[in-house]
Amino acid sequence: MTTRRTFILQLAAIPGVHRLCIDLADAETPRGIPSVNPIAYHKLFTDGKSRPAVPEGKRIPFGWDYFTIPSSPSGVELKVAKIPGHFDGEIFLRLMVAVDTRDKRSVSVLLAKSGNKIGELPVWYASALQLFECRLDTTLSRLIKEGIRLVLDEGNESIYVTASSGISGSHVFAKPESASSEPSGRGGGGRFSDTFCSYRSLHPFGWMEGCTLDGLLELERSERFPEAGRALENHLKLFLPDDQNLVYENPNTQPSDNRFNNLEAGLPFAVIAEKYPGHPSIKLVTDFCENRIENGRIKSGSFTTEGCYTLAYPLAALAKAAGNKKWYELALIELEERIKHLTDHEAVYQRASVTDSAKGFRNWGRGYTWFLLGLVRTSAILKQDASFSKDPRLSKIREVFIYYANLALKYQQPDHGWSAFLDLPETGFDASATAGLGASLLYGKQIGWLPELPDSRLYAIRQRLEQSLTPDGFLTASCQINRGGEELQKSGYRVISQYVMGLMAHLYAHLK
C-alpha cells in the first residue's frame with residue numbers, strides 16, 4: 001500500500017513538494033528569523049528506537065518524521081543539537097503533536113543523565129501539528145550535555161510527536177537575554193510575520209488551516225508582506241499537490257483524500273477559489289453544500305456558528321470565482337438559519353438543536369467570532385454583486401452584525417481584549433476570541449457597517465495580542481480547541497494554536 005510519505009516523494013517533480021522534501025532533509029536553521037536578537041531552534045534527536053507504527057487508520061501529516069513518548073516508565077530519551085553562539089536567556093521545550101489526542105496527557109521533562117526534573121508539559125486535547133511548550137529550569141549547556149528524557153505521567157496511550165526539521169517540528173527554543181518579545185516593526189508584523197509566513201504556521205486542513213490561509217491571503221493582498229504569497233503557495237501545495245488531488249487528514253488524523261464531509265472543512269476553499277478556481281476538489285464542497293439544502297431550508301436539525309465562516313463565506317467566494325449565483329443563495333440560507341437559531345437579544349450561542357430547542361456555549365468568544373466574521377466576510381463579497389448589493393436579506397444581516405458587534409464591544413475588557421466567555425470576565429483573556437473579534441470589527445468598519453469605530457480601538461486590540469507573542473512570533477494564550485466541553489473553555493488552560501495567528505494576521509494586513 002502506498003503511504004503518504006511515499007506519495008509525497010513520488011510527487012517530487014511538483015515544485016512545492018520537491019522544495020519541502022529538500023528542506024526536511026537538509027535545512028538546519030529556521031527561515032525568516034531576523035539576525036538581530038537571534039533566536040535558536042535546537043533540533044532534537046532520538047535513538048531511532050521510539051518510532052512504532054502509526055495507529056491503524058491514522059496518518060502523520062505530510063509524511064513527516066516522528067517519534068513517540070511511550071507510556072512506559074522509561075519514556076524516551078532525546079539529544080539536543082548544539083548551535084554556535086552563546087545563549088543565556090530562557091529555554092523552552094516545544095513539542096509538536098503528530099496524531100490528535102482526545103484526553104489530558106502530562107509529560108515530565110527530565111535531564112537524561114541525572115534524572116533531575118526541569119519541566120512539566122500538559123498536553124490536553126491536542127490537534128495534529130499543534131505546538132506545546134514549557135519553560136525548562138536548566139542551562140542550555142547542561143541540556144546539551146545530558147540530553148532530555150520525556151516521561152508520560154498522565155494518560156495511558158503514547159503521544160506521537162513530529163520530529164525536528166529545518167522548517168518545523170519539535171525543538172528546543174532558546175533566546176539570548178537581549179532578545180526582545182516585541183515585533184521588529186518590519187512591514188508592521190515583525191517576527192510575527194516571519195513565523196506566520198512559513199511552514200511553522202501549518203495546521204490540519206479544515207477550519208484551522210483555513211484560518212491560516214485566509215490570514216495569509218489578506219497579508220498578500222495588502223502588498224506589504226511579499227513573503228505571504230510564497231507561504232500561501234507552499235501551504236496549498238501540500239494539500240493540492242497537483243491539478244487533480246486533495247490530500248489531507250481529518251480532525252481525527254485519518255486520511256480523507258479526495259473526500260469532503262465536514263462542514264467545518266470548507267474554509268480553505270475561500271482561498272482555493274481565488275488561487276485554484278478550476279481545481280476539481282471544489283466540486284466536492286459545492287456538492288456537499290447543495291445536498292445540505294432542500295426547498296430553501298437546511299436539512300440538518302442542529303446548527304453551529306462555525307458554519308457562518310466555514311461554509312457561508314467560502315460559498316460566497318466560490319460563487320464569485322465561478323459566477324454562480326446559486327451558491328450566493330446557499331450562502332445566504334446558511335447565514336439566515338444560523339441567525340434564527342443561534343441568537344437571542346442578549347447572546348450568541350455557538351450551538352443549537354432545532355428538535356429540542358437546546359442551546360450551548362452562550363457568548364463563548366470563539367463561537368461569537370465565527371458568527372461575526374462569517375457574517376461580515378460573506379457580506380463583503382455579496383455587496384460587490386449588483387444582484388445582491390440591495391437585497392433586503394443583506395440589509396438584515398447588516399442589522400444583525402451591528403447589533404452583536406456592539407454587544408461584543410460592551411464586553412470588551414479594560415486591557416482591550418476579550419475573555420473566553422465574553423460576559424464572564426473570570427474566564428480570563430483569550431487570544432483566539434480577541435484576534436477573531438478584532439478581525440470581525442475591522443471588516444465591519446471596512447465595509448461601512450461600523451463607521452464610528454475609531455482605528456485607535458483596533459490598534460489597541462492588536463497591541464493587546466502582541467503582549468502574548470513569543471520572541472519568535474508565535475501567539476500564545478488561546479483557549480484550546482473545543483474537545484473538552486465548556487469546562488475546558490472556562491478553565492485557565494491556554495495554548496499556542498497557529499490558526500489564531502491567522503485571525504490576528506487580518507489586523508496586520510489592514511492596519512499599517
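What is the strand order of the open sheet of five strands, and in which sense do its strands pair? The order is 2-4-9-6-7, and the pairing is antiparallel. The model is a predicted one, in which local features need pLDDT of at least 70 and side-chain atom pairs count only at pLDDT 80 or more, whereas totals for chains, interfaces and linings use all residues. Residues are numbered from 1 along each chain as its sequence is written, and side-chain values use heavy atoms, with hydrogens and water left out.

Helices here are DSSP runs of H or I with at least four residues, strands are runs of E with at least two, and both are numbered from the N terminus. Two strands count as paired if DSSP finds at least two bridges between them. Strand 2 is joined to strand 4 (residues 76–80) by two bridges in the antiparallel sense, and F45 has K79 of strand 4 as its bridge partner.

Five of the seven residues of strand 16 (residues 347–353) are buried, so that the strand is mostly covered; buried means under 20% relative accessible area, exposed over 50%, and partly exposed in between, with a 1.4 Å probe and protein chains only. Strand 14 (residues 302–304) runs antiparallel to strand 16 and is joined to it by three bridges, with F303 opposite A352. Strand 15 (residues 343–344) is also antiparallel to strand 16, through two bridges, and T343 has V348 as its bridge partner. Two residues lie between strand 15 and strand 16 in the hairpin that they form. The hairpin of strand 16 and strand 17 has five residues between the strands, and S357 in the turn shows a positive phi of about 60°.

Attention now turns to the helices. Helix 6 (residues 226–239) is largely enclosed by the rest of the structure, because 11 of its 14 residues are buried. Among them are the charged residues E227 and K237 and the nonpolar residues L232, L236 and F239.

In the loop between helix 5 (207–221) and helix 6, E223 has a phi near 65°. E223 is exposed, with a relative accessible area of 73%. In the loop between helix 6 and helix 7 (268–275), N258 has a positive phi of about 55°. N258 is partly exposed, at 36% relative accessibility.

Two packed helices are described by the angle between their axes and the distance between the axes. The axes of helix 8 (residues 281–292) and helix 10 (residues 325–342) come within 11 Å and cross at roughly 55°. Helix 8 is therefore oblique to helix 10, given that angles under 35 degrees count as roughly parallel, over 145 as roughly antiparallel, 65 to 115 as roughly perpendicular and the rest as oblique. Axes are lines fitted to C-alpha atoms, for helices over the stretch in contact, and angles run from 0 to 180 degrees between N-to-C directions. In this contact (heavy atoms within 4.5 Å), helix 8 contributes T286, C289, E290 and R292, and helix 10 contributes K326, W327, L330, E334 and R338.
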